[in-house]
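Colleague: I would like to learn how to read the features of a structure like this one. Could you walk me through it?

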Amino acid sequence: MAENALASLHSDASQHGRGAERFVLNRAARLMAVNPALAGMSIRSCHLVDISKIGATINLMTTIGLPDHYYLNIVGTSNRIGCAEIYRNGSRVGVKFIKPIEDELLHVIVRGDFFTEAK
């Protein structure tokens, strides 16, 4: 039954000419960036709007001081995904993953959102 629900999630890969199937989410996450001169890490809370094997869209409170490269940590997973920023539009940021994420991790993220989403 859960598999059918995952299949019914919004996917816009073919509509917008994107290279990978994209899943709409509402999931808490954190962006972690190494500070200049390797002086520690800065962490920002954010919300994951959508995700695919090769990238994601993220909402932040502010993008002021946000570098172009950082790690994405999705709450409920232990993975840090390396990201390179593609665009900024107000508080919304589009990122490309440095290395495509594994199908298993994508499944865990999408499945976790399905079971934790408030209705």
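Modeller: Let's start with Asp-50, which is buried at a relative accessible area of 10% (buried means under 20%, exposed over 50%, partly exposed in between, with a 1.4 Å probe and protein chains only). This is a predicted model, where local features need pLDDT of at least 70, side-chain atom pairs count only at pLDDT 80 or more, and totals for chains, interfaces and linings use all residues. Residues are numbered from 1 along each chain as its sequence is written, and side-chain values use heavy atoms, leaving out hydrogens and water.

Colleague: Which residue forms a salt bridge with Asp-50?

Modeller: A salt bridge is a side-chain nitrogen of Lys or Arg within 4 Å of a carboxyl oxygen of Asp or Glu. Here Arg-22 pairs with Asp-50, their closest N and O atoms being 2.7 Å apart. Arg-22 is also buried, with a relative accessible area of 10%.

Colleague: And how many salt bridges does the count come to?

Modeller: The count comes to 3. Another joins Asp-103 and Lys-53, with 3.0 Å between the closest N and O atoms. Asp-103 is exposed at 51%, while Lys-53 is partly exposed at 29%.

Colleague: How many disulfides are there?

Modeller: A disulfide is a covalent bond between the sulfur atoms of two cysteines; the rule asks for a pair of sulfur atoms within 2.5 Å. The count is 0, because the sulfur of Cys-46 is 9.1 Å from the closest cysteine sulfur, in Cys-83, too far for a bond. Cys-46 is buried at 6% relative accessibility, and Cys-83 is buried at 1%.
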